[in-house]
Amino acid sequence: MSNMRTIRITGKGKIKVKPDMTRITMTLEGIYPEYSEALRHSSQDTDCIKEVLAVFGFERSDLKTLKFNVDTEYESYKEKNAFKQRLVGYKFRHQMKVEFESDNDRLGRILYALAHCRIKPEFRISYTVKDQEAAKNKLLGKAVTDAKEKAAVLTQAAGVGLKEIQSIDYSWGEINFEVHPMGRAMLAEDEANSLMAPLSASYDLDIEPDDIEVSDTVTVVWEIQ
């Protein structure tokens, strides 16, 4: 049986990262009597968005699906003093995203074009970080440094010395590098009255997102003497 004495310290890292990528998250919805009709309209509406984005240099594959589902939709009605339900149809919901290097001018032109295509998606603008791995590595380095500093203080106060590291435990959890300066919005119905807006047309946007603040922890075990 080992007589090794150890000390376990949890270090916390915290960093601020300047967002450099813009993300547009779009949601399409529709209710149709037949399942096949819901799928067909979903495909057509998605294709419309891809056509709009292609004008601004995006590949069709740049539009990524986050979530897609088709559910039955019911409504309640009263018959002979009893409430019943009947099938209204099938509702599709398709959530997608597209990302690009932050550029307010390009963003304004994309949103204007979306507002003037034949569909009216609900959308949300957020900002994220292109090189997330570099940010994660910096965050982990900060957490380990914090653990080492705490260990040095505690062992010095206890009159013992640090030896070799025995283990490092990191959760590997997902870190959310995203900030939402704008809420959800629906493109105005009275603006969506043409198939495509002029390429030069744009909304005048002046958005400067705040830095993204993230934190994480690392637990380090040292042998002590």
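The expected span of a helix is 1.5 Å times one less than its number of residues, where helices (H or I, at least four residues) and strands (E, at least two) are DSSP runs numbered from the N terminus. This is a predicted model, in which local features need pLDDT of at least 70 and side-chain atom pairs count only at pLDDT 80 or more, whereas totals for chains, interfaces and linings use all residues. Residues are numbered from 1 along each chain as its sequence is written, and side-chain values use heavy atoms, with hydrogens and water left out.

**View 1. Helix 3, residues 132–158.** At 1.5 Å a residue, its 27 residues should span 39 Å, which agrees with the 39 Å between its end C-alpha atoms. Its buried residues (under 20% relative accessible area; exposed is over 50%, partly exposed in between; 1.4 Å probe, protein chains only) include Leu 139, Asp 146 and Thr 155, and the buried residues pack against strand 1 (5–17), strand 6 (162–170) and strand 9 (212–224). Gly 159, with a positive phi near 75°, follows the helix.

**View 2. The salt bridge of Glu 133 and Lys 136.** The closest N and O atoms of this pair are 3.7 Å apart, a salt bridge being a side-chain nitrogen of Lys or Arg within 4 Å of a carboxyl oxygen of Asp or Glu. Because they are three residues apart in helix 3, about one helical turn separates them. Lys 136 is buried, with a relative accessible area of 18%.

**View 3. The salt bridge of Glu 29 and Arg 93.** These side chains meet at 2.9 Å, N to O, and the pair links strand 2 (residues 21–32) to strand 4 (residues 82–101), 64 residues apart.

Note on methods
Contact = heavy atoms within 4.5 Å.
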